[in-house]
Amino acid sequence: MHSAALRFGVLGSIQAWHDGTPAELGPPKRRVLLARLLLNTGQPVSVERLCRDLWPAGDRPAAAASTVHSHISRLRTILEPDRAAHQPSSLLVREASGYLLRTSPEALDAAAFEELLTEATEALRQSRGDEAHDKVTKALRLWRGPAFSEAAGFGFVASEVSRLQSLRQTAEEVRVGALLNLGREDAAVSLAEALTVTAPLREASWALLMKALYATGRGAEALRQYERFRRALAEELGVDPGPALRALHLAVLNEDSRAVLPDRRPPTVTVAPAAPEREDGAPLFGRDHESRRIADTVRRTADGKGTHWVFVSGGLGTGKTRLLEQTAAAAESQGFAQVRLVCCGPCDDSLSNAVFGPAARLLAQLRAGPPTPSAAAYSRESALTELLGELAERATVVLVDDLDGLCEACRELVHHLSVLLREQPVVVVCSSAERAAPGTASLTSSVARQRALWVRLRPLSVEDVSALLTSVGEARSAPPGHAFALHRRSGGNPFVLSALLELPPRHRVGPDAVVPPALVNVVAARLDALPESARAMVTRAAVCGPDLDVPLLVRLLDISREELLKLVDTAVHADILTWQPGPRSADDPPGTAGAGGYRFTGIMDEAVLATLTQASRQLLHASVAKALRGRGGHDHALAVRHLIQAGPLASREDLAQECRAAGRYCEERGQLALAHAWYAKAARFGGGVTHGPHQDVTAGRHLRRGTERAGRPGPPASDSGRPHADHSGSSRPPPAHARSDTTLPQAGSHDEHPAA
């Protein structure tokens, strides 16, 4: 009965489960005691042995035996919760020779792990890769941390921990073997590399790494790893690799694929997947000029005028990838073959050894499948040589999307192509960020003197947005100015615009507008990639509004302007902020733009705020309001707005005080109607919290004075300071969606008519 309902775990923290529910075992010493009993499942352990194993000889307390008895009593209660008060335990019993835990070995997670590992090993031996991978994955999921974690420092468990850890390494090796059997060589390489780190002197792990590298067409790297392991063995143990690994080394040298991977066909390089087709087939709006220029370049290559390069740059979401896809489709219609350089990540520390990896992948695409036998054993020059030969035979368009994200091996291949491609009928079309990374800049400079076309994607125009609305059938039903509003809200960014168009029309622009979820996810990823200091700057700037208030941010972040500019530059490179030049004046020097400022790109400020929780936004609004209150002037009006958005962090007294300050500022500037509106707002906020049943005499006096000077009848003196009704009695300001409280006068405005 116990074995069916009660299970124990040692592959991690020492644990027990009743029908899947964890039991509260108590302090670490009790868990260690349970571990000691589990090691001798079915055999009694004497109290003397328990005391000796649980406490070192010099630190053993005088009451050690009593402590053991006490823990045993508590374990009986915990492990058998349904046992009657005075009923003897049938699970943890006392015998003449000691305590006995009556449970089967199968009740341990370690036993289940070993059983699954045995089944996975047998399945792999019979080349049943799917079954082997499934079972070994289940086995490894049983591990919750280091085996016997609470007892790790106790000698009695050392040999069992070592045995289980070795089995865990074996399980990881079986998983790598299953991946190789399934043809998932790239994943196998990553796991095998990790195994050689966790067990640097284990031959089986190094053998799997060599096999995985060979399977991906990196035979030279496999040989280099063998040499690395051989040196480590000689230095650490003074021995050579065993016969099996030496035989594998010889097979790699001889390019004997059957000996390296007996259960697999001759290894092949990875064929890059084709780019997904767009189901809607929508045309690329606003890029007619760029498309024509690229089409002319492709035409010149087709006319026998040699190799040409095209570099497309732009910010995230500007349509670089879509333009590359359109170019490839147009070139294919003219008889060009199409290949894509897809980076599979870092290939090798030695660039000259690694370069044949991406070259072989391109070669495989040109040959429409795996290369000829022995292709995986390319020398460091042969793959590139064969690739150049293929490119000379037919017109080809090579697509390199995201130059900035290429590994060093792929960068070296692009560099080789820029040097060696001259008269071949090839068009190489590359995309990169608007502000290219240093490595990309040095790469593009190597082809600056070649036949190169440089295309920079600018934001779409209002006319482009109108054309897009027409194409989707919304031009007639859209309200006047809808295209302009969409352009302004999207900043002309095609990705943001397409995300907005997926929303219902009333949620795209206007008071009910929302931020598209796709944009929120993209912005969240960009924020995560920023340093903490830059992320803090961006979130505070977003709370302040679309335009960066440099003095306010300096005050909020307590940094210098120079330090702030460095953070701003980081956000600009992430396409979150942008520099917007101001209009030129007669005083500006020729060839220069007028004074401008940094601002959020499109609705990036709204998207940044959408990534934050409500409480986080309220905290930021409260900090901004505090900083604004220290500046005075027309910033009192802004402070009121932020106090309202701060929710429970702002009191009515704070709101009333800022409204009165805004009123005084307007009154001093002769804007009496605005002053009257602010004093009225102060009277409404200045009630029931600080003064209780008393009137806010100050607000009432200001309201009457502003009313008289504005030529308006004011409220009676007895009611001028009456608190605004708040049936909840709470000190929090009105909710942000309440227009009567959030539509505020514009302090400092030249308009004499208040907004409230």
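Analyst: The account below begins with the chain as a whole, turns to the core, and ends with other sites.

This is a predicted model, in which local features need pLDDT of at least 70, side-chain atom pairs count only at pLDDT 80 or more, and totals for chains, interfaces and linings use all residues. Residues are numbered from 1 along each chain as its sequence is written, and side-chain values use heavy atoms, with hydrogens and water left out.

The protein chain contains 33 helices and 12 strands; helices (H or I, at least four residues) and strands (E, at least two) are DSSP runs, numbered from the N terminus. Of its 756 residues, 47% are buried, where buried means under 20% relative accessible area, exposed over 50%, and partly exposed in between (1.4 Å probe, protein chains only). Contact means heavy atoms within 4.5 Å. Among contacts in the protein chain between residues at least 6 apart in sequence, 68% join residues at least 24 apart.

A nonpolar core is a set of buried Ala, Val, Leu, Ile, Met, Phe, Trp, Tyr and Cys residues joined through side-chain atoms within 4.5 Å. The largest has 53 residues, of which F8, L25, L34, L37, L79 and F148 touch the most other members. At least two residues of this core come from each of several elements, including strand 1 (6-9), helix 2 (28-39), helix 4 (64-79) and helix 7 (158-182). Helix 5 gives the most to this core, namely seven residues. Residues up to four places away in sequence aside, L25 touches I14, Q15, A16, R30, R31, L34, L75, I78 and L79. Apart from this core lies another, of 50 residues, with L519, L552, F600 and L620 among them.

Two further sites lie in loops. Q424 is placed between helix 18 (408-420) and strand 9 (426-433). With a relative accessible area of 15%, Q424 is buried. Neighbours within four places in sequence aside, Q424 is in contact with G306, T307, L391 and A392. V239 lies in the loop between helix 10 (219-236) and helix 11 (243-253), and it counts as partly exposed because its relative accessibility is 40%.

Finally, helix 24 (residues 532-544) has 13 residues, and its end C-alpha atoms are 19 Å apart, which agrees with the 18 Å that it should span at 1.5 Å a residue; the expected span is 1.5 Å times one less than the number of residues. Its buried residues include A534, M537 and V543. G545, which follows helix 24, has a positive phi, near 130 degrees.
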